[in-house]
Amino acid sequence: MSIKLENVGIAVRDLEATISFFTDLGLTVVGRDTVSGEWTDTAVGLDGNHANIAMLQTPDGHGRLELFEYIHPEAIETTPTLPNEIGMHRVAFSVDDIDEALEIAARHGCHPLRGVANYQDVYKLAYVRGPSGIIVMFAEELTKG
């Protein structure tokens, strides 16, 4: 059996704001749709499933995020995920300039959970609380070339 990662799906409260955040970071919208009907009920496991969706892709063409804004059933607000909680944890991106990535995130009101860390002089890392409470990790490799 062959397997590859297709995308990471994230339910968001404001699709347009979340698209703006990720496109400002360099991702591209490769598709948008409104989905509903029996096939979505079956696939997702929710009766009456109806959502606006957008598929975003990283510039290298390998990473994709599928964002969902639920119309029905109503989205359930939860407290933002903490880094040590079991379950979906974060979305991570390699960036060539972590300071620029943090400046872009800040323009969207999204700031590091604590700051920028140096991992063994190999990476600079920062976790940002993004739109809808999504934890986004930026990693800048320090040993380039």
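The model is predicted. How far does the predictor trust it? The mean pLDDT of the chain is 93, and 99% of the residues reach 70 or more. Confidence is lowest in helix 2, residues 38-44, with a mean of 91. Confidence is highest in helix 1, at 98.

Now the layout. The chain has three helices and eight strands. Going along the sequence, they follow the pattern β-α-β-α-β-β-β-α-β-β-β. The C-alpha trace spans about 50 × 35 × 30 Å along its principal axes. There are 145 residues, and 30% of them count as buried.

Next, the strands in the middle of that pattern. Look at strand 3, residues 50-57. Is strand 3 enclosed or open? Six of its eight residues are buried, so strand 3 is largely enclosed by the rest of the structure. Strand 2, residues 28-36, pairs with strand 3 in the antiparallel sense, over eight bridges. In that region, Val35 stands opposite Ala51 of strand 3. Strand 4 also pairs with strand 3, again antiparallel and over eight bridges. Here Ala54 stands opposite Leu67 of strand 4. Strands 3 and 4 form a hairpin with six residues between the strands. Within that hairpin, Gly61 takes a positive phi near 80 degrees.

On to the aromatic rings. How many aromatic pairs does a search of the whole structure find? It finds three. I will show two of them. The pair of Phe21 and Phe22 is edge-to-face, with 5.0 Å centre to centre and 80 degrees between the planes. Both Phe21 and Phe22 are buried. The pair of Phe22 and Phe93 is tilted, at 6.1 Å centre to centre and 50 degrees between the planes. Phe22 sits in helix 1, residues 15-24, and Phe93 in strand 5, so this pair ties together parts that are 71 residues apart in sequence. Phe93 is buried as well, like Phe22. Put together, Phe21, Phe22 and Phe93 make one aromatic cluster.

The largest pocket has a volume of about 680 Å³. Of its 24 lining residues, Ile10, Ala11, Val12, Thr78 and Ser132 are the closest to the centre. Which element gives the largest share of this lining? That is strand 1, residues 8-11, with three residues. By type, the lining divides into 13 nonpolar, seven polar and four charged residues.

The second largest pocket has a volume of about 480 Å³. It is lined by 26 residues. Nearest its centre are Leu27, Thr58, Pro59, Phe93 and Ser94. Two or more lining residues come from each of strand 4 (64-72), strand 5 (91-94) and helix 3 (98-107). Strand 5 gives the largest share, four residues. This lining holds 13 nonpolar, six polar and seven charged residues.

Last, a few details in the loops. Start between strand 4 and strand 5, where Pro73 lies. A cis peptide bond joins His72 and Pro73, with omega at about -10 degrees.

Then Pro112, in the loop between helix 3 and strand 6, residues 117-119. Pro112 is partly exposed, with a relative accessible area of 33%. Its C-alpha atom is 9.8 Å from that of Phe138, 26 residues away along the chain.

Gln120 is not a glycine, yet it has a positive phi of about 50 degrees. Its place is the loop between strand 6 and strand 7, residues 123-129. Is Gln120 buried or exposed? Gln120 is exposed, at a relative accessible area of 60%.

Ser132 is not a glycine either, and has a positive phi of about 55 degrees. It lies in the loop between strand 7 and strand 8, residues 135-141. Ser132 is partly exposed, with a relative accessible area of 24%.

That is the tour. Thank you.

Note on methods. Residues numbered from 1 in each chain as written. Predicted model: local features only at pLDDT ≥ 70, side-chain atom pairs only at ≥ 80, totals over all residues. Heavy atoms only, no water. 1 Å grid on protein atoms, 1.4 Å probe; cavity = no way out; pocket = protein on both sides within 12 Å on 5 of 7 lines; lining within 4 Å. Points joined across faces, edges and corners; volume = space filled by probe spheres on them. Nonpolar A, V, L, I, M, F, W, Y, C, P; charged D, E, K, R; others polar. Buried < 20%, exposed > 50% of the residue type's maximum accessible area, 1.4 Å probe, protein only. Pairing = 2+ DSSP bridges. Phe/Tyr/Trp six-rings, centres within 6.5 Å; stacked < 30°, edge-to-face > 60°. pLDDT = per-residue confidence, 0-100.
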